[in-house]
Amino acid sequence: MTTAAERLAALDSLPALELCVRAAETLDQLVSVMNEETTLLRSGKARESTALSAQKTALAQDYMSLARSVQRQSARLQAEAPLAVDQLRKRHERLATQMAENLKVIATARDVTEDLLNDVATAVTARNQPNTYGAGGKVTAPRPNAVGSVAINRSL
């Protein structure tokens, strides 16, 4: 079993082109998974998109390790593989664009889901209110902060 320091040293000692290629391949895979997640969310397939979370997390962690190594080795990489470094930089810009789009879609899906659940909770609560008359001959006002039978998990 290797330590984190040994794994970092192994990455840092990779030939320049190999380090850039590994980082680029991991980055491309991450962008692909994020694009797939975004497409699923736009199609209203939130449940299917959650299946990609573990893969996206693993790829993001791998990419961050590689990106840090690229940063630490930037002078060497620029000297030994300038074209690969330039291509990696362009791919990284594509990741930033994809992440921004992905986050917008996730936020929209979360807002729509929360609004829908709040509407359902309000309707269920209203339906469960007693429909009786009070002492003044008026319909009894609903209880403030009445709790319905729907719970909302906001950790999405």
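1. Setting aside neighbours within four places in sequence, Glu-37 is in contact (heavy atoms within 4.5 Å) with Ser-49, Leu-52, Lys-56, Asn-102 and Ile-106. Glu-37 is found in helix α2, where helices are DSSP runs of H or I with at least four residues, numbered from the N terminus. The residue is buried, at a relative accessible area of 5%; buried means under 20% relative accessible area, exposed over 50%, and partly exposed in between, with a 1.4 Å probe and protein chains only.

2. This is a predicted model, in which local features need pLDDT of at least 70 and side-chain atom pairs count only at pLDDT 80 or more, while totals for chains, interfaces and linings use all residues. Residues are numbered from 1 along each chain as its sequence is written, and side-chain values use heavy atoms, with hydrogens and water left out.

3. On confidence, the chain has a mean pLDDT (the predictor's confidence in each residue, from 0 to 100) of 83, and 80% of its residues reach 70 or more. Among the elements of the chain, the lowest mean pLDDT, 83, belongs to α6, and the highest, 95, to helix α5, residues 74-80.

4. Helix α4, residues 53-72, has 20 residues and reaches 28 Å from its first C-alpha to its last, close to the 28 Å expected at 1.5 Å a residue, the expected span being 1.5 Å times one less than the number of residues. Its buried residues are Lys-56, Leu-59, Tyr-63, Leu-66, Ala-67, Ser-69 and Val-70. Seen down the axis of α4, these fall within an arc of 155° (taken from the directions from the helix axis to the C-beta atoms), so they line one face of the helix. The face turned away from the buried side of α4 carries the exposed residues Ala-54, Gln-61 and Gln-71.

5. Leaving aside neighbours within four places in sequence, Leu-95 is in contact with Leu-27, Leu-30, Val-31, Met-34 and Tyr-63.

6. Gln-73 sits in the loop between α4 and α5 and counts as buried at 16% relative accessibility. Beyond neighbours within four places in sequence, Gln-73 is in contact with Asp-12 and Leu-19. Gln-73 and Ala-16 are 57 residues apart in sequence and 8.4 Å apart in space, C-alpha to C-alpha.

Note on methods:
Helix = DSSP H or I, 4+ residues; strand = E, 2+ residues; numbered from the N terminus.
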